[in-house]
Amino acid sequence: MNEIYSLDRIEPPMAVLVGDDTQLVPWEELPGHPREGDMFERTPEGWRARPDLTAAHRAAVLEMRADLLERGS
C-alpha cells in the first residue's frame with residue numbers, strides 16, 4: 001500500500017516527511033526540487049512527487065493557521 005506524506009522540513013542531509021508516521025529520508029531521494037509543504041507518495045519503487053495533492057494540502061494548512069491565529073486574538 002502506498003503512503004502519502006507532506007514535507008515538513010529539510011534538515012540537511014535529511015528530509016522530514018510527516019504522514020501517519022514521521023519518516024527521515026535522505027533529501028536527495030525526493031524527486032524534483034522539494035519544498036516544505038510538498039506532498040510525496042512512498043511506493044515500492046521509491047518516492048513520487050504528488051503535486052496534485054500539494055495545493056489542497058497547503059490551503060488546508062493556511063486555513064488551520066488562520067483559525068488558530070483568530071482564536072488567539
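Helices here are DSSP runs of H or I of at least four residues, strands are E runs of at least two, and both are numbered from the N terminus. The model is a predicted one, so local features need pLDDT of at least 70 and side-chain atom pairs count only at pLDDT 80 or more, while totals for chains, interfaces and linings use all residues. Residues are numbered from 1 along each chain as its sequence is written, and side-chain values use heavy atoms, with hydrogens and water left out.

Helix α1 takes in residues 51-72, 22 residues in total, and spans 32 Å from its first C-alpha to its last. That is close to the expected 32 Å at 1.5 Å a residue, where the expected span is 1.5 Å times one less than the number of residues. Buried here means under 20% relative accessible area, with exposed over 50% and partly exposed in between (1.4 Å probe, protein chains only).

On to the core. The largest nonpolar core is built from eight residues: Tyr5, Leu7, Ala15, Leu17, Val25, Leu30, Phe40 and Trp47. Strands β1 (3-11) and β2 (14-18) each supply at least two residues of this core. Such a core is a set of buried Ala, Val, Leu, Ile, Met, Phe, Trp, Tyr and Cys residues joined through side-chain atoms within 4.5 Å. With neighbours within four places in sequence set aside, Trp47 is in contact (heavy atoms within 4.5 Å) with residues including Tyr5, Leu17, Val25, Leu30 and Phe40, as well as Gln23, Glu29 and Pro31.

Then there are the charged pairs. The structure has seven salt bridges, each being a side-chain nitrogen of Lys or Arg within 4 Å of a carboxyl oxygen of Asp or Glu. One of them pairs Arg42 with Glu3, with the closest N and O atoms 2.5 Å apart. Arg42 sits in strand β4 (residues 39-43) and Glu3 in strand β1, so this pair ties together parts 39 residues apart in sequence. Arg42 is partly exposed, at 27% relative accessible area, and Glu3 is also partly exposed, at 28%.

Asp38 bridges to Arg58, the closest N and O atoms being 2.7 Å apart. Because Asp38 lies in the loop between β3 (22-26) and β4, and Arg58 in helix α1, the pair ties together parts 20 residues apart in sequence. Asp38 counts as buried at 14% relative accessibility, whereas Arg58 is partly exposed at 26%. Salt bridges that share partners also join Glu41, Arg48, Arg50 and Asp52 into one network.
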